[in-house]
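Dear colleague,

Please find below the structure that I am handing over to you. My notes on it follow directly after.

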Amino acid sequence: MKLMNSLLTATVPFLPRWMARPFASPYVAGETIDEALQRAESVIDQGFSVTMDILGEHTLDVEYSHKITDDYCSLYNQIIEKKLDCTISLKLTHLGLSISGDLAVKNLNKVIASARLGNQGLTIDMENYPYTSQTLDIYRTALKSYENIGTVLQAYLHRSMDDLKQIISPNLRLRICKGIYLEGEKIAFQNGNQINENYIALCQTLLEGEGFAEIATHDAQLIHHLDRWISENHIPMDRFEFQVLYGVPMGNTLEKLKDKGYRVRVYIPFGDKWYEYSIRRLKENPNIAGYVLKNMFKRK
Ligand code: FDA
């Protein structure tokens, strides 16, 4: 499997866009806001909640960071107008954090002003390690002016439990994920079992404390374990939701969660940067190439 992943990862970056599209298309809801909103509406019609993300990151062009900010504002306007059960997830480096913290915060505040018009949810995605502390600082400041904002902790980081204990509060809205970037052993667990143990510990600490947990994983064992723990510990349904990425095959797991009355939110990425985004992710994390291939066969 490892060899297959490495081969795929070595080949895919050289594919032209039209050839790479089949790898990306199950996971990306089109290039434009209109296309993505149509997909979001159909996902909502199936009983899910949605969060939408414009693909892209590490913007080094100030004008472009303003354009993305405006795109997020107009996405909020349409979500509010259509009364969709839909939040937005964004990356601070897409709003200019790689250029300067001030620029990212100014752009974020503009997006928050649009979210506020409909009291819509907003999640600040967590990026690679150089941005962890800055992202948490910006989140903490933003939370003082807008309650309906959340962020993400990655279970693979050694520091995440300490971070959780520092930010835990009644207003905390926190997505827990395993972590998608390739990080070294000094800062991140490399072993899958340790990551899973930390994942469970983070969710349980959050749910035994204060705040709202967004359990973001496709790992059937983790979902099963947490679902059972939640029932045994009588955690109220308004304290958590499950989240998955658009297009990842989940068998009947999501239907089962919905049947229990749990909220399940689907993360829908879209935008013209789908090619660059997919290639970057593939280079960073060879496992994804294997997942994509496995899922292609599963679908058939
Ligand atoms: P695991 O990696 O063990 O995957 C379990 C199974 O799910 C695999 O065997 C495969 O079948 C399937 N699968 C997983 N990922 C897939 C993919 N991309 N394509 C196809 N199949 C896939 N990360 C981060 O660093 N910062 C963030 O802000 C976020 N945000 C986020 C939001 C949401 C809603 C989700 C679900 C995930 C994220 N992530 C993220 C990504 C997360 O960190 C993690 O990399 C992936 O979810 C994969 O980990 P799993 O927990 O699914 O387990």
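**Cysteines and disulfides**

The structure holds 0 disulfides, a disulfide being a pair of cysteine sulfur atoms within 2.5 Å. Cysteine 86 counts as buried at 3% relative accessibility, and cysteine 203 is buried at a relative accessible area of 0%. Here buried means under 20% relative accessible area, exposed over 50%, and partly exposed in between, with a 1.4 Å probe and protein chains only.

**Basis of the values**

This is a predicted model, in which local features need pLDDT of at least 70 and side-chain atom pairs count only at pLDDT 80 or more, while totals for chains, interfaces and linings use all residues. Residues are numbered from 1 along each chain as its sequence is written, and side-chain values use heavy atoms, with hydrogens and water left out.

**Overall fold**

The chain has 12 helices and 8 strands; these are DSSP runs numbered from the N terminus, helices being H or I with at least four residues and strands E with at least two. Of the 300 residues in the chain, 54% are buried. Among contacts (heavy atoms within 4.5 Å) with a separation of 6 or more, 75% join residues 24 or more positions apart. The accessible surface of the chain is about 14300 Å², and carbon and sulfur atoms contribute 54% of that; areas come from the Shrake-Rupley method with a 1.4 Å probe, and for residues only the protein chains shown count as cover.

**Ligand site**

There are 23 residues around the ligand, of which Lys178, Gly179, Thr217, His218 and Tyr291 come nearest; a residue qualifies if one of its heavy atoms lies within 4 Å. Strand 4 (149–154), strand 5 (173–177), strand 7 (240–245) and helix 12 (287–299) each supply at least two residues of this shell.

Ligand oxygen atoms lie 2.6 Å from a polar backbone atom of glycine 179, 3.0 Å from a backbone N or O atom of isoleucine 180, and 2.6 Å from a polar side-chain atom of threonine 217. On its own the ligand has 910 Å² of accessible area, and the protein covers 88% of it.

Most residues other than glycine have a negative phi. Histidine 58, in the loop between strand 1 (49–54) and helix 4 (62–81), has a positive phi of about 50° and is buried at 18%. Asparagine 119, in the loop between helix 5 (101–116) and strand 3 (122–124), has a positive phi near 45° but is exposed at 51% relative accessibility.

With kind regards

Key: Polar contact = N/O pair within 3.5 Å; in protein donor to acceptor, adjacent residues only side chain to side chain.
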